[in-house]
Amino acid sequence: QVTKDGIQALVRGCGGLKALFLKGCTQLEDEALKYIGAHCPELVTLNLQTCLQITDEGLITICRGCHKLQSLCASGCSNITDAILNALGQNCPRLRSTLPSGASLDSSGLECTTPNYGIVRTT
């Protein structure tokens, strides 16, 4: 399992990361995402599939620091809600996101997106 300390060491030493695959890191928490958002401005692809502990707070940090993000997989992350959509639309104009099935998203959240932002729901 990857820990926040491991993520912190990785991103401080490799700030030019363009892709990060953390699929299945079930113990990964928002604190680790804060390091990624603060130190990886070149990030284009991020896979957080089944990272069960992450929430909107962590993903909002990613959005604010990783404006070049084009691919985000958060399938299986059931703690994600509509609150993330506004941050995605405002900060990541190139993003084509895979949002989690079973997340608490409703039609009002979809209104926060920008015209070039696509949402794909996975099953």
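User: What is the relative accessible area of Glu42?

Analyst: This is a predicted model, in which local features need pLDDT of at least 70, side-chain atom pairs count only at pLDDT 80 or more, and totals for chains, interfaces and linings use all residues. Residues are numbered from 1 along each chain as its sequence is written, and side-chain values use heavy atoms, with hydrogens and water left out. With a 1.4 Å probe and protein chains only, a residue is buried under 20% relative accessible area, exposed over 50% and partly exposed in between. Glu42 counts as partly exposed, because its relative accessible area is 28%.

User: Which residue meets the side chain of Glu42 in a salt bridge?

Analyst: A salt bridge requires a side-chain nitrogen of Lys or Arg within 4 Å of a carboxyl oxygen of Asp or Glu, and here the N to O distance is 2.8 Å. The partner of Glu42 in that salt bridge is Lys68.

User: How many residues apart in sequence are Glu42 and Lys68?

Analyst: The side chains of Glu42 and Lys68 meet in a salt bridge. Glu42 lies in the loop between helix 2 and strand 2 (45-47), whereas Lys68 lies in the loop between helix 3 and strand 3 (71-73); helices (H or I, at least four residues) and strands (E, at least two) are DSSP runs, numbered from the N terminus. The pair therefore ties together parts of the chain whose separation, in residues, is 26.

User: At roughly what angle do the axes of helix 1 and helix 2 cross?

Analyst: Axes are lines fitted to C-alpha atoms, for helices over the stretch in contact, and angles run from 0 to 180 degrees between N-to-C directions. The axes of helix 1 (residues 4-13) and helix 2 (residues 30-39) come within 8 Å, and their crossing angle is roughly 5°.

User: How many nonpolar residues does the contact of helix 1 with helix 2 have?

Analyst: With contact taken as heavy atoms within 4.5 Å, Lys4, Ile7, Gln8, Val11 and Arg12 of helix 1 meet Glu31, Ala32, Tyr35, Ile36 and His39 of helix 2. Ala, Val, Leu, Ile, Met, Phe, Trp, Tyr, Cys and Pro count as nonpolar, Asp, Glu, Lys and Arg as charged, and the others, Gly among them, as polar. Alongside three charged and two polar residues, the nonpolar residues in this contact number five.

User: What covers the buried residues of helix 2?

Analyst: The buried residues in helix 2 are Asp30, Ala32, Leu33, Tyr35, Ile36 and Gly37. Their cover includes helix 1, strand 1 (19-21) and helix 3.

User: Is Leu69 buried or exposed?

Analyst: Leu69 is found in the loop between helix 3 and strand 3, and, leaving aside residues up to four places away in sequence, it touches Leu43, Val44, Thr45, Leu46, Ile62, Cys92, Arg94 and Leu95. Leu69 and Arg94 are 25 residues apart in sequence, yet their C-alpha atoms are 6.6 Å apart in space. Because the relative accessible area of Leu69 is 0%, this residue counts as buried.

User: Which residues does Asp56 touch, not counting residues up to four places away in sequence?

Analyst: Asp56 lies in helix 3 (residues 56-65), and it counts as buried because its relative accessible area is 11%. The residues that Asp56 touches are Asn79, Ile80, Thr81, Ala83 and Ile84.

User: What percentage of the residues of the protein count as buried?

Analyst: The protein has five helices and five strands, which follow the pattern α-β-α-β-α-β-α-β-α-β along the sequence. Of its 123 residues, the share that count as buried is 42%.
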